[in-house]
Amino acid sequence: MADDKIKKLENRADGIAKDVQGHLKDAVGGLTGDVGLQAEGKFDQFAGHMQQDFADLYDEGEGVVEKVVTLVHDKPLLSLGVVSVIGIVLGWLLAPRSKRS
């Protein structure tokens, strides 16, 4: 668990570093008139933002999984009932219909 937190922090730090690097490239490209460097900077900014968002999303998903595991552990019959109802509804929706004459 602690390793996951460290990985998340490393991912966020890498994302922030890419974002800052992108801003610098964008600014230098703007000052020198190098459109390619500006585009590379914009891409680095985008990649940095996506890496930070992924780290946050991973953390949120991990919290949801923990809640589900706790619910199944604490209330196994309720969990079985919910899964059964979902299975019946999916079976009803996905089952082929017979043609009526």
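I began with the overall dimensions: the radius of gyration of the chain is 24 Å, whereas a compact globule of 101 residues would have one near 13 Å. The radius is taken over C-alpha atoms, and the globule rule is 2.2 Å times the number of residues to the power 0.38. I then noted that the C-alpha atoms fill a box of roughly 75 × 50 × 10 Å along the principal axes.

I recorded the conditions of the work. The model is predicted, with local features needing pLDDT of at least 70, side-chain atom pairs counting only at pLDDT 80 or more, and totals for chains, interfaces and linings using all residues. Residues are numbered from 1 along each chain as its sequence is written, and side-chain values use heavy atoms, with hydrogens and water left out.

I looked up the confidence next. The mean pLDDT (the predictor's confidence in each residue, from 0 to 100) is 85 for the chain, and 96% of its residues reach 70 or more.

Helices (H or I, at least four residues) and strands (E, at least two) are DSSP runs, numbered from the N terminus.

I turned to burial and surface. Buried residues (under 20% relative accessible area; exposed is over 50%, partly exposed in between, with a 1.4 Å probe and protein chains only) make up 15% of the 101 residues. The chain exposes about 8,100 Å², of which carbon and sulfur atoms supply 68%. Accessible areas come from the Shrake-Rupley method with a 1.4 Å probe, and for residues only the protein chains shown count as cover.

I checked contacts, meaning heavy atoms within 4.5 Å. Of those between residues at least 6 apart in sequence, 56% join residues at least 24 apart.

Beyond its neighbours within four places in sequence, Gln51 is in contact with Asn11, Asp14, Gly15 and Lys18. Gly36 also belongs to helix H2; I counted Gly36 as partly exposed because its relative accessibility is 47%. From Gly36 to Asp26 the C-alpha distance is 9.3 Å, across 10 residues in sequence.
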